[in-house]
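Me: Please go through this structure with me by question and answer, beginning with the ligand site.

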Amino acid sequence: MSKLLPFVRRVSGAVPDQNAGTGRMSNAEKFISIEGIARRYPVPGGRTTTIFENLWLAMRRGEFVCMIGHSGCGKTTVLNILAGLEAPSEGAVIVDGQGIAGTSLDRAVIFQGHALLPWRSVLGNVAYAVSSRWRKAPRAEIEARARRAIATVGLAGSEHKRPSELSGGMKQRVGIARALSIEPKILLMDEPFSALDALTRGTLQDEVRRICVETGQTVFMITHDVDEAIYLADRIVLMTNGPEAKVAEIVENPLPTNRDRTQLHHAPGYYALRNHLIDFLVTRSRTLREAMPEGYDPRHPPIVRPSSGEPDAAELGPPPPARRA
Ligand SMILES: Nc1ncnc2c1ncn2[C@@H]1O[C@H](COP(=O)(O)OP(=O)(O)OP(=O)(O)O)[C@@H](O)[C@H]1O
Ligand SMILES: [Mg+2]
């Protein structure tokens, strides 16, 4: 439990690079590196529409990153590209030093719909994933791994239930257990709690946060819920409206790693952060789409810490955008 997420350690890269000393993430720190990706679709008339282009984003190992932006800006597309479910029209994604090509058991996806196999029990659903990871493992080991993952999400005792016998929250837990059971390097979550009632959502957020802090899991999660992002994320990526959406800025969460949901609103920086995110969604996601601030560099989107009211100058690259909450 005491294991801190690596992001809180300000590791300076062992390999000198152009970002050294700038406060930006060094190449050595980049566990996931989205490098100049674009996604275009053909439209009638032989032209194409650009959902986004020249999109850059890097994540450290063990970081929990949330992406927020209005519907249609391309969040799911980014996640699908990270998962290897679709290829970018341009650019590349590097994970742990290797360009990705297609899906991998190292990158588990949790969708909003849990997509369980209805004819299999909870244990069967999770064991199926485990056996695809460890194909030659003896049955007893597969079952033991599956049971451990099921217990982690609080479903011990429900191993033999079928999905039809589970509530929405329980099904989503099975989806999370299934993803965790294969011990992925990266968890990709697309609005995983949005279909749940508030109480279940809160409980599952607590569990996901606990599991991620304990295991040091690297997570990329899409959400529309500002409070969910504040509670879960180490950094929050803000996307402008589409088409041609951009990473407007990356907001560093100033709240302590040991977060208590009931006390969050007393934490220094909480209201500044929340106001900043809401202001972004209400106005800046649209106005920034029309015109990014002079000097905006898509390769190094501004990093903002609303807690201090101003971005940390050391974290900024070229001239910063309008950034007050
Ligand atoms: N196969 C496709 N052909 C054409 N356009 C597509 C296709 N798939 C997605 N798009 C477009 O790409 C854009 C981004 O879609 P995406 O699903 O990534 O958005 P999103 O940010 O996840 O939205 P939401 O918040 O509603 O889930 C949308 O405008 C969508 O219409
Ligand atoms: Mg989506």
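Me: Which residues are around ligand 1?
Reply: This is a predicted model, in which local features need pLDDT of at least 70, side-chain atom pairs count only at pLDDT 80 or more, and totals for chains, interfaces and linings use all residues. Residues are numbered from 1 along each chain as its sequence is written, while chains are lettered from A and ligands numbered from 1 in the order in which they are written. A residue is near a molecule if its C-beta atom, placed from the backbone, lies within 6 Å of it. Around ligand 1 these are Tyr41, Ile51, Gly69, Ser71, Gly72, Cys73, Gly74, Lys75, Thr76, Thr77 and Gly242.

Me: How many residues of each class does the shell around ligand 1 have?
Reply: Ala, Val, Leu, Ile, Met, Phe, Trp, Tyr, Cys and Pro count as nonpolar, Asp, Glu, Lys and Arg as charged, and the others, Gly among them, as polar. By that division the shell has three nonpolar, seven polar and one charged.

Me: Which helix gives the largest share of the shell around ligand 1?
Reply: Helices are DSSP runs of H or I with at least four residues, strands are runs of E with at least two, and both are numbered from the N terminus. Three residues of the shell, its largest share, come from one helix, residues 75–83: α1.

Me: Which residues of α1 are buried?
Reply: A residue is buried if 20 or more other C-beta atoms lie within 10 Å of its own, exposed if 12 or fewer, and partly exposed in between, with C-beta atoms placed from the backbone. By this count α1 is mostly covered, with seven of its nine residues buried. They are Lys75, Thr77, Val78, Leu79, Ile81, Leu82 and Ala83.

Me: In which sense do β1 and β2 pair?
Reply: Two strands pair if DSSP finds at least two bridges between them. Strand β1 (residues 30–43) and strand β2 (residues 47–60) have 10 bridges, and arginine 40 stands opposite threonine 50 in β2. The hairpin has three residues between the strands, and its glycine 45 has a positive phi near 100°. The sense of the β1 and β2 pairing is antiparallel.

Me: Where is proline 243?
Reply: Most residues other than glycine have a negative phi, and most peptide bonds are trans. The bond that joins glycine 242 and proline 243 is cis, with omega about -5°. Glycine 242 is also one of the residues around ligand 1. Proline 243 is in the loop between β9 (235–239) and β10 (247–252).

Me: Is glutamate 244 buried or partly exposed?
Reply: Glutamate 244 is in the loop between β9 and β10 and has a positive phi of about 60° although it is not a glycine. With 16 other C-beta atoms within 10 Å, glutamate 244 counts as partly exposed.

Me: What share of the residues in the protein is buried?
Reply: The protein has seven helices and 11 strands. Of its 325 residues, the buried share is 40%.
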